[in-house]
Amino acid sequence: MASLDDVAREAGVSASTVSRALSRPSMVSEPTLVRVRAAAERLGFRANPAARALTTGRSGFFALLVPDLDNPFYSTTATAAQELAGRSGRRVIIAVTGGDAAREAEVLGELESQVDGFALQSPVGSAADLKEAHRRKPLVVINRRVPGLTSFTVDTPGGLGTVYDRLVELGHRDVAYLAGPPSSWMDRRRREELVEHAARSRLRVRVFGPVRPAFAEGAAAAREIVDSGCTAMLVYNSLLLLGAMFEFGRIGVRVPEDISVAAADDIALADLPGPPISAVLAPADELGRAAVSALIELVDGPAGTRPRGRRLPTEVRITDSLAPPRPALG
């Protein structure tokens with residue numbers, strides 16, 4: 001089995017440089033880092049996490065807390081986070097909280113001594129609790145903005161605004177919004193955007209839910225939305241839309257002839273038969289990479305470092321799933 005000294009000889013650097021490159025890559029130059037990683041790969045060298053923890057005081061692990069892994073948006077973020085962490089010689093532990101504040105706090109406590117930092121996807125704990133956790137261990141937030149913490153969000157409210165405008169252009173007046181869970185910070189921002197658009201147009205919006213963002217809940221809400229007389233439906237995420245589309249097919253409701261539809265993400269829509277669905281394309285993978293990059297900066301940077309958070313832009317895909325509303329009967 002290759003040793004640290006073997007990698008050093010192969011890369012033409014000192015053993016201490018190899019150690020820094022594998023445990024704190026920001027402390028070496030990019031060419032040296034590439035050379036060391038290539039040598040380690042050729043020799044099949046794998047750093048010993050326990051030994052690294054003893055010498056650096058760091059485990060080489062981050063933890064990513066997600067509400068669930070059924071939602072492909074969260075799993076896409078997790079995959080991207082793991083890939084980037086791996087390229088820096090780190091690993092990501094995925095922990096599922098069920099969107100429960102007590103469980104979220106419990107997991108933070110359980111993993112605190114085992115990881116170098118946390119990324120929380122759509123956290124539901126109070127801002128005060130999240131800041132307190134950050135004081136104990138570096139922490140970044142995804143899909144929620146918390147003052148004082150590095151936060152990464154996606155501008156899905158703005159993207160949905162483009163969809164709302166298109167519905168007004170097409171002549172819609174009654175639009176349904178199928179809301180996500182009541183704990184969702186992002187869903188509240190989307191509703192605020194919806195209210196603003198309704199206030200400056202003749203668009204009337206009815207909110208259905210909040211509901212758990214899952215296939216079954218979308219199917220359960222579909223008939224109520226149709227019976228409401230709404231001629232268009234926007235939904236919190238693509239899983240809800242898939243459920244609603246299934247129920248529409250079962251009861252003979254056609255898209256877009258009977259109802260126009262759009263989703264706030266397209267993550268679960270790629271394999272849906274039929275024409276593409278209008279959606280706000282949210283960069284879930286970029287969120288994962290941004291969170292890991294920020295954690296690396298927090299851990300390896302000088303004390304007091306606070307990476308800048310940001311709001312990532314979206315791309316809006318308008319398709320034939322939006323059409324003029326059906327003529328009123330009679």
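1. The domain bounds come from an automatic or database domain assignment. A pocket here is an open set of points on a 1 Å grid over the protein atoms alone, with protein on both sides within 12 Å along at least five of seven lines. Lining residues have an atom within 4 Å of a point.

2. A word on the model. It is predicted: local features need pLDDT of at least 70, side-chain atom pairs count only at pLDDT 80 or more, and totals for chains, interfaces and linings use all residues. Residues are numbered from 1 along each chain as its sequence is written, and side-chain values use heavy atoms, with hydrogens and water left out.

3. Back to the second largest pocket. Its volume is about 260 Å³. Volume means the space filled by probe spheres set on the grid points, which are joined across faces, edges and corners. The pocket has 18 lining residues, and P67, Y74, G99, P181 and S183 are the closest to its centre. Nine of the lining residues are nonpolar, six are polar and three are charged. In this scheme Ala, Val, Leu, Ile, Met, Phe, Trp, Tyr, Cys and Pro are nonpolar; Asp, Glu, Lys and Arg are charged; the others, Gly among them, are polar.

4. The structure holds three cavities of 30 Å³ or more. A cavity is a set of grid points where a 1.4 Å probe fits but cannot get out. The largest cavity has a volume of about 140 Å³. Its lining counts 14 residues, with F73, N143, R190, Y236 and D265 nearest the centre. By class, seven are nonpolar, five polar and two charged.

5. Where does the largest cavity lie? Domain 2 (61-153 + 284-312) and domain 3 (156-282) both give residues to its lining, so the largest cavity lies between them. Helices α5 (72-87) and α9 each supply at least two of the lining residues. Helices (H or I, at least four residues) and strands (E, at least two) are DSSP runs, numbered from the N terminus.

6. The domain assignment also gives domain 1 (1-41). The centres of domain 1 and domain 3, taken over C-alpha atoms, are 51 Å apart.

7. Next, the sheet. It is open and mixed, with six strands in the order β7-β6-β8-β9-β10-β12. Strands β7 (204-208) and β12 (315-317) are at the edges with a single partner strand each, so one side of each has no neighbour in the sheet. The average twist from one strand to the next is 15°. Strands pair if DSSP finds at least two bridges between them. Strands β9 (residues 260-263) and β10 (residues 278-281) pair in the parallel sense over two bridges. A262 stands opposite S278 in β10.

8. Helix α9 (residues 185-199) lies across β6 (174-178) and β7, at about 170° to β6. Helix α10 (residues 215-227) lies across β6, β7 and β8 (232-235), at about 160° to β6. Contact means heavy atoms within 4.5 Å. Axes are lines fitted to C-alpha atoms, for helices over the stretch in contact, and angles run from 0 to 180 degrees between N-to-C directions.

9. Finally, the backbone. Most residues other than glycine have a negative phi, and most peptide bonds are trans. The bond from G209 to P210 is cis, with omega near 10°; P210 lies in the loop between β7 and α10. V255 and P256 are also joined by a cis peptide bond, with omega about 5°. S122 is not a glycine, yet has a positive phi of about 50°.
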